[in-house]
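Please keep the sequence and the 3D view at hand while reading.

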Amino acid sequence: SEELQRAQEEWEAVEETQAGLGGPLGAAPPPISFQEALQFFQSADLSQCRQQVRVPGGAHGLAALLRCLAGPPRLQRQLREERELVLAMANCTLDDTERVHMRILQTIYRQLTRSRLSCPRYGPHWEELGFQGADPGTDLRGTGMLGLMQMLFFVLDAQTLPLAHDIFKLSQHETQAQASGSVLAALTLLLLQNFPFCIMSVNITRIVMQALREDRLSRVCNRRQEVIAVLNDLYAAAFLQLYRVWKRQHKTIADSALLLQELELSTKRKPKQLLRALQTYVSLRPRSSPSSAKEIDFTGVCDLHVELEGDARLV
């Protein structure tokens with residue numbers, strides 16, 4: 001069996017080389033940490049992407065007065081550059097010729113599948129992860145590389161990796177409810193709780209990005225003096241909320257549109273509550289060590305330590 005396993009790995013390595021993953025002589029790119037990927041975007045020329053960024057405009061007259069009295073606070077000036085970087089990444093498309101982009105994609109694949117091997121750039125294996133087709137890039141419209149960056153954070157951070165694996169497992173889950181003997185076999189219920197993991201992830205990125213655009217996260221960002229870490233924590237918190245409701249209430253893909261709408265309302269109106277629920281979750285569950293790169297250094301999950309009372313629900 002060991003010889004068979006070695007032969008299988010050699011054959012998969014040959015397939016990798018033939019697929020061409022952008023590395024020297026077709027070699028698979030090494031995994032990447034979230035911090036290394038972020039540093040790449042911080043130093044890259046994103047001028048064209050920045051030109052497409054639409055930041056919240058200043059209100060005037062009565063609208064400005066109402067905002068001052070009852071609206072959310074503005075993001076502090078020293079944090080606005082970080083917000084613009086986030087929105088620029090959302091306008092950056094997946095580039096096959098950019099090695100860092102390919103390393104991000106491959107690291108996500110390895111972490112979700114727990115595989116030691118990489119995979120071809122195109123193929124049905126991406127559908128198994130929850131993309132709609134053989135090319136993940138086609139599903140990133142509206143979130144761009146920010147969608148992959150948040151996914152990368154989710155599957156690499158030691159505190160959220162167990163949650164990512166739980167959600168990915170549920171996304172591939174099938175539950176069959178057998179009819180009793182007195183009921184016709186044709187009435188057997190087949191309840192499928194599976195859903196496209198990566199598509200759901202991209203939708204959650206879209207939700208938290210919109211909350212950032214509308215200054216719904218400014219209060220938390222101003223207090224913590226950071227934007228990207230807050231956005232990542234809220235992404236993980238929103239995914240946790242969706243996972244709990246989906247699993248406990250036996251939701252199916254038919255419920256996804258309504259659940260995402262409710263999740264968007266919760267994210268905009270109660271971001272602190274979601275973040276507290278995430279902090280409670282990670283404090284009660286042992287950390288999982290990243291499996292692919294020992295040198296990885298991550299941004300921590302939110303620093304809130306208030307326990308959430310009762311079950312968290314989408315409202």
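The model is predicted: local features need pLDDT of at least 70 and side-chain atom pairs count only at pLDDT 80 or more, while totals for chains, interfaces and linings use all residues. Residues are numbered from 1 along each chain as its sequence is written, and side-chain values use heavy atoms, with hydrogens and water left out.

**The largest nonpolar core**

- In the largest nonpolar core, which has 82 residues, Ile104 and Leu148 touch the most other members. Such a core is a set of buried Ala, Val, Leu, Ile, Met, Phe, Trp, Tyr and Cys residues joined through side-chain atoms within 4.5 Å.
- The most residues, 14, come to this core from helix α12 (residues 228-248). Helices (H or I, at least four residues) are DSSP runs, numbered from the N terminus.
- Leaving aside residues up to four places away in sequence, isoleucine 104 touches Ile32, Ala37, Phe41, Met145, Leu148, Met149 and Leu152; contact means heavy atoms within 4.5 Å.
- In soluble globular proteins, nonpolar side chains tend to be buried together.

**Leucine 105**

- Leucine 105 is placed in helix α6 (residues 99-113).
- Leucine 105 counts as buried because its relative accessibility is 2%; buried means under 20% relative accessible area (1.4 Å probe, protein chains only).
- Residues touched by leucine 105 are Leu94, Arg121, Trp126, Pro136 and Leu148, with those up to four places away in sequence not counted.
- Leucine 105 and arginine 121 are 16 residues apart along the chain, and 8.6 Å separates their C-alpha atoms.

**Leucine 240**

- Helix α12 contains leucine 240, which counts as buried at 1% relative accessibility.
- Leucine 240 touches Leu163, Ala277, Leu278 and Tyr281, again not counting residues up to four places away in sequence.
- Between the C-alpha atoms of leucine 240 and alanine 164 there are 8.9 Å, although 76 residues separate the two along the chain.

**Helices α10 and α13**

- Helix α10 (residues 197-213) and helix α13 (residues 256-269) have axes that come within 9 Å and cross at roughly 30 degrees. Axes are lines fitted to C-alpha atoms, for helices over the stretch in contact, and angles run from 0 to 180 degrees between N-to-C directions.
- The two helices, α10 and α13, are therefore roughly parallel to each other, a term for angles under 35 degrees.
- Residues making the contact include Met200, Ile204 and Ile207 of α10, and Leu260 and Leu263 of α13.

Key: Angles under 35 degrees count as roughly parallel, over 145 as roughly antiparallel, 65 to 115 as roughly perpendicular and the rest as oblique. Buried means under 20% relative accessible area, exposed over 50%, partly exposed in between (1.4 Å probe, protein chains only).
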